[in-house]
Amino acid sequence: MYRLIKPIFFQFDPEKVHHFVVKRLQWFHEHFPMGKTILRSSFDIHVKGLEREVFGVKFKNPVGLAAGFDKNGEYVEALSDLGFGFIEVGTVTPLPQPGNDLPRMFRLPDDSALINRMGFNNKGVDTLAERLRTLKAKDKTIVVGGNIGKNKNTPNEDAVSDYVKCFDRLFDVVDYFVVNVSSPNTPGLRALQEKGPLTLLLKTLQERNHKNGISRPILLKIAPDLTNEQLDDIVDIVKETGIAGVIATNTTIDRSGLYTAPELSAENGGLSGKPLTKRSTEVIRYLSEKSDKAFPIIGVGGIHSPQDAKDKLEAGASLVQLYTGFIYEGPGIVKRICKELVK
């Protein structure tokens, strides 16, 4: 069915189509008779062999939805019906912000890829926190991760304060946190990946994390464009700060090897999809081997098939996440991956 619908979707602006589809998916979940049951029977899979516990959190399966798809936590229930083992919301910032100017998302069909320069567009952490509080009151079984960032106008020297505000506000309503310092779409953000500022940021969050005797797993999301020396620093920082793990990787600024014409592929922003498949797996393997599997890794980047997911798990990932592959391959990809992992 999705193979028939996708060419129609791809005739329209990707951001508009995204909102059109997820709003109707949520409506179907909430208002269509037996909508939730139909979605779950079509896309979900419940097999005990897929269950796993990672950084103290229990997942019904290892396939999650990456941050960016549901920035404001508006569609978590409906997306969970599609079989995802966990949903990551955000990136959220302390204050609402509109993000970058339109257009800011571009399809590269010849490369099965996307370029986005969204710019952390979101309704602010207060709105997200209240929405997740309502969700958790209804259904505590859905595992939700909170991806946090800083507002565009916050200078890097004050960035820690933004992350702390998001952390404190979401602490009671998420199952784990992701610190996003690797998006290429907020000016200067990636400078926070340097060893000094990153160590300070993660240590500060860890101090907040342990102050009440209750803690949440904190993960760091990194760029695929880091050198091996920088990845070595990441390993050292994770061990030094004691955070729970790493998400590898975010989008890339690299444009090498693309088939798409330069006038489109040269658009500013982060590239995701199949061109990232190999590099993200390389980063996972490097971190896993360099750290001697000292911490869990969530693998994301270019997963378009069950084999792509298996490659990341075999490289050292404990869980995987989809975004661009979900758009290109359709909602059935979650079930296909889970069925292959059962084998």
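The largest cavity in this predicted model has a volume of about 460 Å³. If you sort the lining by residue type, you find 12 nonpolar, 19 polar and two charged residues. Several elements of the fold share in this lining: strand E4 (86-92), E6, E11, strand E13 (319-322) and helix H12 (324-329) each give at least two residues to it. As for how such a space is found, rolling a probe the size of a water molecule over the atoms shows where empty space is left.

Two of those strands, E6 and E11, lead us to the next stop, a sheet. Strands of a sheet pair through backbone hydrogen bonds, either parallel or antiparallel. Here the sheet is open and has three strands in the order E5-E6-E11, with antiparallel pairing. E5 and E11 are its edge strands, each pairing on one side only. From one strand to the next, the twist averages 20 degrees.

Let us look at E6, which covers residues 113-116. Ala113 and Ile115 point one way from this strand, while Leu114 and Asn116 point the other way, and all of them are buried. On one side, E6 is joined to strand E5 (residues 105-108) by four bridges, and the two run antiparallel. Across this pairing, Met105 stands opposite Asn116.

Within E11, Leu271 is the bridge partner of Ile115, and Ser272 is the bridge partner of Leu114. The residues of E11 also point in two directions: Gly270 and Ser272 go one way and Leu271 and Gly273 the other, and all are buried.

Now for some details of the backbone. Most residues other than glycine have a negative phi, and most peptide bonds are trans. With that in mind, the turn between E5 and E6 is worth a visit. This hairpin has four residues between its strands, and Ser112 there takes a positive phi near 50 degrees, although Ser112 is not a glycine. Is Ser112 buried or exposed? Ser112 counts as buried because its relative accessibility is 15%, which is under the 20% limit.

Met34 also has a positive phi, near 65 degrees, and is likewise a residue other than glycine. You will find Met34 in the loop between H2 and helix H3 (35-43). Met34 counts as exposed because its relative accessibility is 56%, over the 50% mark.

There are cis peptide bonds to look for as well. One runs from Gly90 to Thr91, with omega near 10 degrees, and Thr91 lies in strand E4. Another runs from Leu102 to Pro103, with omega near -10 degrees, and Pro103 lies in the loop between E4 and E5.

Our last stop is His29, in helix H2 (residues 14-31). His29 is buried, with a relative accessible area of 11%. Which residues is His29 in contact with, leaving aside its neighbours within four places in sequence? They are Lys36, Leu39, Glu77, Ala78 and Asp81.

Definitions and conventions: Residues numbered from 1 in each chain as written. Predicted model: local features only at pLDDT ≥ 70, side-chain atom pairs only at ≥ 80, totals over all residues. Heavy atoms only, no water. Buried < 20%, exposed > 50% of the residue type's maximum accessible area, 1.4 Å probe, protein only. Pairing = 2+ DSSP bridges. Axes fitted to C-alpha atoms, helices over the stretch in contact; angles between N-to-C directions. 1 Å grid on protein atoms, 1.4 Å probe; cavity = no way out; pocket = protein on both sides within 12 Å on 5 of 7 lines; lining within 4 Å. Points joined across faces, edges and corners; volume = space filled by probe spheres on them. Nonpolar A, V, L, I, M, F, W, Y, C, P; charged D, E, K, R; others polar. Contact = heavy atoms within 4.5 Å.
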